[in-house]
Amino acid sequence: MSSKPRLLIIEDEAPIRNGLVDVFLFHGFEVESAEEGTRGLSLALAGNYDLVLLDLMLPGLNGFDLCERLRAARPDQPVIMLTARSSDEDIVHGLTLGADDYVAKPFSVTQLVLRVQAVLRRTRPPGETRQSIRLGESVEIDCDNLAARTPAGEVRFTRREMEIVRYLASHAGRAVSREELLEEVWGYARNLGLETRTVDIHIAKLRRKIEPDPGSPSFLVTVRGVGYRLLQGP
Ligand code: CA
């Protein structure tokens, strides 16, 4: 499965449409296009696009109506409207119908690419972009794939090890006790007097995988008398 952002361009003027297709392909997007509103809407409804670039004046179904119908079916669909009309009233109307942004023609292609990227940063599900954890300059943990890139090569984690790293990363501002890890990661009730050594064994295994020097940890550090803390770097 591709992780490229998917873009649908709905624009009736061929030179603009073709130019935009080329530009976004060049910038690493997967691109489809339609030259007419009704076809554009059915593509938008059938496909799973990260963003729709929508011309306002279109044959078949105009951009406002298309946006309204698209939004009714897919309230979260990001849309940027493209138009030669740039009165305040049009802009307000477009944004009311749920466009995320509005770019007036003639536009600078560079500006448009930046606007698209800005909308995607706001709207792409966090799961697609935030599932990696960086440690210092050299370690990058890929949470979804239970793996990490380290200077020594790729290492693999068990699901439990990954849950420990994720829990520590999401509480990186403080030390986390062994009891808390047992409760949050293992799901054990507190005060059962369970072996906190289980946690230590897992931490030791993790250190061998991600620490440059496991005997002297720089990421997964021990906070004496408390527990463990994840340091993600300077
Ligand atoms: Ca047009």
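I began with terms: two strands pair if DSSP finds at least two bridges between them, and helices (H or I, at least four residues) and strands (E, at least two) are DSSP runs numbered from the N terminus. My model is predicted, so local features need pLDDT of at least 70 and side-chain atom pairs count only at pLDDT 80 or more, while totals for chains, interfaces and linings use all residues. Residues are numbered from 1 along each chain as its sequence is written, and side-chain values use heavy atoms, with hydrogens and water left out.

Entry one, a sheet. I found an open sheet of 3 strands in the order β10-β12-β11, with antiparallel pairing. Its edge strands are β10 (176-177) and β11 (220-223), each pairing on one side only. I traced 2 bridges from β10 to β12 (residues 227-230), and Ser177 sits opposite Gly227 in β12.

Entry two, hairpins. β7 (residues 139-142) and β8 (residues 147-150) run antiparallel, joined by 3 bridges. They form a hairpin with 4 residues between them, and Leu146 in the turn has a positive phi of about 50°. β8 also pairs with β9 (residues 153-156) in the antiparallel sense, over 4 bridges; this hairpin has 2 residues between its strands.

Entry three, the metal. I listed donors (N, O and S atoms within 2.8 Å of the metal, 3.2 Å for Na, K and Ca; water is not among the atoms, so sites may look incomplete). Asp12 (OD), Asp55 (OD) and Met57 (O) coordinate the calcium ion at 2.1 to 2.3 Å.
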